[in-house]
Amino acid sequence: MIYDDSDCVESCNLIKLVYDHNMKFADAFDHEVEHVSLFLFDADSRHLVARTDVKATELTDNNELFLNITPGSYDVIVWAGSPDRHFQIADGKVSTSVTEDFHCRMNRLEAGHVKEDVGRLYHGQMHLEARYASPSDPQRSTLYLKKNTNTVRVVLQHITGDRVNCDDFEFAITDNNGWLNHDNTLRDDEMLTYHPWHLVSGSVDINTNPTDAPGTKAEDAPFISTRAELGAALAEFTVNRLIWQKNPHLKITDKAKNRTVMDINLNDYAMLVKGFYNQKMDEQEYLDRQDEYNMTFFLDEGNRWINTVVIINDWRIVRIPTDLN
């Protein structure tokens, strides 16, 4: 029997989903994305043609999504990540809904408070010129995702080594980034207050004598080997997309004294460790690629911030006052 599929009126298209917009420049789709919602629009009318919701495990081994569509011009939007209750996206109605209807709003408590570990959120968009393609020779396209959600870990550590009780402090990140348009730009929204979803107090045992290290001869060590246990508190947040032109702030308050320990611009501190090899990136690309920010701040005996030393993502930043005159 001989089959000729040239009479098909639909075009066989495969859209490959890739998430390599990260600091490794490597595709991490398999490890991070669990669910995909794809919206297909007529490029001229901007009306919704079809919506597809699938688990990542339902894609092909090459992370491709199969579409049978009439040849033509289309725009594609993808919201992806974790299939949870933390974001709202319109269901949409075919031939009625338009691209602007598919914004994505983060759920929050009253007065704009976010206290949960928010699931991962990714966004992608592309234009698709779908020619006729048979199942034996499908048209293949690639859609690249950006990750919106970020993990921020804040460590408070006493320079004296004293215990730091996380319950003695109030941690908060404020930003009006909880509502994203269909094109991943920010939509007008209320100011959100992110609270840490994980708080813990603990200690770190470290060697305070750098000569007491593996391979160091005892007779060469001029100091007695000592160890110290340093108190620390950890606050962990999940925040939505950071936009360079905005002013997200991290604020820590000493509850007992009702005193602000620190109030810093999160974007400015993130850029402190952009580094030499990332200098070709603009600020927004860096914020979109980086999705984890680990920040360590040091306190003195009075729970005041010693702002001359900060550790961000394993980079130690030492501020030394200089006189340029």
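Q: Which conventions apply to the numbering and to the predicted model?
A: Residues are numbered from 1 along each chain as its sequence is written, and side-chain values use heavy atoms, with hydrogens and water left out. The model is predicted: local features need pLDDT of at least 70, side-chain atom pairs count only at pLDDT 80 or more, and totals for chains, interfaces and linings use all residues.

Q: How many aromatic pairs does the structure hold?
A: A pair of aromatic rings is described by the distance of the centres and the angle of the planes. Rings of Phe, Tyr and Trp (its six-membered ring) pair if their centres lie within 6.5 Å; planes under 30 degrees apart count as stacked, over 60 as edge-to-face and the rest as tilted. Six such pairs are present here. For F297 and W305 the centres are 5.7 Å apart and the planes stand at 85°, so this pair is edge-to-face. Ring pairs also link F39, F41 and F102 into a cluster.

Q: Are F297 and W305 buried or exposed?
A: Buried means under 20% relative accessible area, exposed over 50%, partly exposed in between (1.4 Å probe, protein chains only). Both F297 and W305 are buried.

Q: Which residues have the most contacts inside the largest nonpolar core?
A: In soluble globular proteins, nonpolar side chains tend to be buried together. A nonpolar core is a set of buried Ala, Val, Leu, Ile, Met, Phe, Trp, Tyr and Cys residues joined through side-chain atoms within 4.5 Å. The largest has 48 residues, and L156, F237, L250, I252 and F297 have the most contacts inside it. A second, separate core of 25 residues includes F29, V33, L59 and L67.

Q: How many disulfides does a search of the whole structure find?
A: With a disulfide taken as a pair of cysteine sulfur atoms within 2.5 Å, the search finds zero. C12 counts as buried at 4% relative accessibility, as does C166 at 6%.

Q: In what order do the five strands of the open sheet stand?
A: Strands of a sheet pair through backbone hydrogen bonds, either parallel or antiparallel. Strands here are DSSP runs (E, at least two residues), numbered from the N terminus, and two pair if DSSP finds at least two bridges between them. The order is 3-2-5-9-11, with antiparallel pairing. Strand 3 (48-55) and strand 11 (146-147) each have a single partner strand, so one side of each is left without a neighbour in the sheet.

Key. Helix = DSSP H or I, 4+ residues; strand = E, 2+ residues; numbered from the N terminus.
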